[in-house]
Amino acid sequence: MNRLQKLLILCAIFLILNTSTVSAISSPNESDQIYGFDAQWAQQFNGGYITTAPIIDNATLFVRTSGMWVGQERPQVFAYELTGKELWNNTNQNATQHDMAPLKIIEAGQGQCGIWSKQLIVAWSDGLIESLEPLTGLRNWQFQSEVNVWGITGSLAQDEDKLVASTRGGIVSLCLADGTLIQNATTDLGWRNGITVTESGYLVGDENGTLWHLSREGNLSSYPLSIGKIRHPPLLTDAGIVIHAQGQGQSTIALLDENYSIINSHISGSSPAMPIMINDYLVTGDSSELRSFDCSQNCSALSSLTFTTNGEMAMGLDGQFMVPLNTAQGGWKGFTLVEEGLLEHVRGFQPGFSTYTTAAPAVYSDGDSDWLVLANDASRMVVYWRGINETSIDEGVKEYPTASNEKQNNNQIILLVIFSSFCAILFLADKPQLGKKLSLLLILIIAVIAIPTLSTQWSSKVDDISADIGIEGLTDGVEGEWSQSWPEQWQGTQILIIEIDGQNQMMGGYTGYENVLQLTTQAASDLNISISSQQSGIGTYITSFDGHQGQGWEFFVNGSRGTLSVENVVIEENTIVHWIPA
Amino acid sequence: MACIMFQALGTHGPVLSPTTSLFLDIVLLVAAFWLLATPSKKSLGDTLLLLTLVLAVSAVRVLMQPLPNIQPVTVAALIVGAQLGARRGAAFAILVAMISNAIIGNGWWTIFQAIGWASVALIGSKIALVVDGEIQRNRLFIAAIASAFVFDFIVSLSIIDSSFNIVTFLTYLAHGIPYDMLHALGNLTFAVWFGSWFADVVAEDIVVEEIGLATVESSIQRA
């Protein structure tokens, strides 16, 4: 074998390695376990963002990406079955700005302007509004709105047989049946200024802080509020209209009366998120706080929590609303409103691959199961599933195998078969030296594939032997057994303890977490303890909890010192993980 | 005797402060340059060759990082030690550890990895892997397997802290045996596939350099 052949083989090995790395990105990883849910499949889109929530309709998932403003990547809209099979995708080659207008499903209907079938509405930053057939992506109709640097960036709304949209500099209403223009009014420039349908017409804000009202009869009125940029659809509450306007370094939450005059206002942090209503309660977010208000009468302030969110919020499952955390840590936090509107943090949803996050999650229930779709600013989307009848997670995985995992397994089998055949042929062809070399390579590949399983089993054996010969490995103060002082409902579940400054921070009642990393990530998030970790080729290192680095950290599982990296230590249901400073 | 450095890590070892980290980096760099400053002056080409090897092997290590405990650097250190000598082999090992860890992840373990691979290079220089310009293949294979365990053991020492005793350390080593075996198997594979080739690459270029240097020196002497 000459040098060229060897180099070619070397290149092939690197290619295989590289391919496997890419696959790993697009597959749910171990730490993608969200509390009670099991990651089913993931999709890493090309460069750009996912800034608005995916939506699920009739077991079909729709998601849109945003371009990077530069380069060749263009924004796209995708449709998938919940099992991960892509149905279609559309690319807009002309959209070169940030595409963040939420996707919208319109149910079939009829009105004065005609009959329409079920449709997916997609509005683009190049001003195009498209009506698509949801299952095929084929276009029903389109409308080109004005463009001033960019086009549509806000949410659209349905008003009976009309689709209404806040364009870059105005308001249009279109017939849902064929996209015919019905109304067109000019306002000042807007950005992410979704539209709200009221009894009398349509409300939209602009970048000058003016609230605009367009009546169905075509009368346009403007109401300068002078509280900052209005970058969300105005909210209608029992107490009046709510605007959370973005000012210089701060924001103003204002309640307007029926004459669009401010009757109540609160100053809050900068860069507000899109506020939402949960029953009679208003929830706002910004770079500083998450706040709740009672809007049954006058939107009085109820509670606030320190938080950073600048995008969308939405109702999740289990009565929680989910808020994206727009920091480098990213992820989503679940909250509820208790005791007459007080905010309470329930738990975090921290995917393994986290970054800044602005899109709300998508949730969907189909009777037997719940689906949760999380997508972040790095254009990574992960689809999670849980069985409502408490089907075990393992069974769930079997029921919903990921396409990428199947493909990976098939690739491995094909690779092994090819190699084995090649080796056999070389031996038969009287080239035993080359046959030996390839056989060695084959053994190495098999060993690499098998090592995670082998190592776990080996470690278990070593632990058993250690226990048999009396090596306890216990350290003073490490909790290894159930304590009567703990809440009864924690018994038999997974419990995490973190000792910070001599104080044990504890959380229990977890089930279904497969390794120490998953449990630690989730429980620390629920305890509001930040984690710093370091990745290397030889494992994940937890370097600090809440900024406490000390001389490093070590963990114990049921009292025994952890002997593998955190993602490689498998835990059972009845497990106590205890972190102490080294 | 076996272990897999930090793959088998329950303890995370000391987390270095930026100052300590900088200090250790300086210590490693000084050690590398001290080792390179051999009594006989080396040519620029000789130095460039070593730097090329360092960068190439570092890149290979980074590329192969997704594979658990497959360490091409170990065999490379063995052969570089055999061909270029203990000093330059050790310098090669230190620089590869520093450069590749700058991408993969730097920390307390870097100094142990550097020591581990430098020790492997030292072994390579002492066991007559190259005789009359020819790599001794069987000897290389055995050394490749053995050096995996030597390296892993040295790196395992980095996790010892006040809470460890001999029993817990042995238990820790025992846990890492599968990964040590994988390291050894990977080393053997590299040695079988690329050992002779890599040894030739290092040797051929050195020969050219030495011929060039000798020619220039003899010309100077004649003049």
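This is a predicted model: local features need pLDDT of at least 70, side-chain atom pairs count only at pLDDT 80 or more; totals for chains, interfaces and linings use all residues.

The request below names the part, and one reply follows.

Me: Please look closely at strand 4 of chain A: which strands does strand 4 pair with, and how many of its residues are buried?

Reply: Strand 4 of chain A covers residues 76-81 and is mostly covered, since 5 of its 6 residues are buried. It pairs with strand 3 (residues 60-64) of chain A through 5 bridges, the two running antiparallel, and within that pairing A:R64 stands opposite A:V77. Strand 4 of chain A also pairs with strand 5 (residues 86-91) of chain A, again in the antiparallel sense and over 5 bridges; here A:Y80 of strand 4 faces A:E86 of strand 5. In general, strands of a sheet pair through backbone hydrogen bonds, either parallel or antiparallel.

The hairpin made by strand 4 of chain A and strand 5 of chain A has 4 residues between the strands, and in it A:G84 takes a positive phi near 110°. Most residues other than glycine have a negative phi. Against that background A:S226 deserves a note, as its phi is near 55°, a positive value in a residue other than glycine. B:N69, however, counts as buried, because its relative accessibility is 3% and the limit for burial is under 20%.

Elsewhere in chain A, 4 strands form an open sheet in the order 1-34-33-32, with antiparallel pairing. Its edge strands are strand 1 (38-44) and strand 32 (362-365), each of which pairs on one side only, and neighbouring strands of this sheet are turned by 15° against each other on average, direction ignored. Strand 32 of chain A is joined to strand 33 (residues 369-375) of chain A by 4 bridges, in antiparallel fashion, and A:Y364 has A:W371 of strand 33 as its bridge partner.

Leaving aside residues up to four places away in sequence, A:F307 touches, among others, A:L290, A:V323, A:P324, A:L325 and A:F335. The C-alpha atoms of A:F307 and A:L325 are separated by 7.4 Å, although the two residues are 18 residues apart along the chain.

Chain B, for its part, comes to 8 helices and 2 strands, which run α-α-α-α-α-β-β-α-α-α from the N terminus on. Of its 223 residues, 54% count as buried, and among its contacts between residues at least 6 apart in sequence, 82% join residues at least 24 apart. Chain B exposes about 9300 Å², of which carbon and sulfur atoms supply 70%. On that surface B:L22, B:I26 and B:V30 form a nonpolar patch with about 280 Å² of accessible area together; B:L22 lies in helix 1 (residues 18-36) of chain B and is exposed, with a relative accessible area of 52%.

Notes: Residues are numbered from 1 along each chain as its sequence is written. Chains are lettered from A and ligands numbered from 1 in the order in which they are written. Side-chain values use heavy atoms; hydrogens and water are left out. Buried means under 20% relative accessible area, exposed over 50%, partly exposed in between (1.4 Å probe, protein chains only). Contact means heavy atoms within 4.5 Å. Accessible areas come from the Shrake-Rupley method with a 1.4 Å probe; for residues, only the protein chains shown count as cover. Two strands pair if DSSP finds at least two bridges between them. Axes are lines fitted to C-alpha atoms, for helices over the stretch in contact, and angles run from 0 to 180 degrees between N-to-C directions. Patches are made of residues with over 30% relative accessible area and no salt bridge: like charges are joined within 9 Å, nonpolar side chains (Val, Leu, Ile, Met, Phe, Trp, Tyr) within 5 Å. A salt bridge is a side-chain nitrogen of Lys or Arg within 4 Å of a carboxyl oxygen of Asp or Glu.
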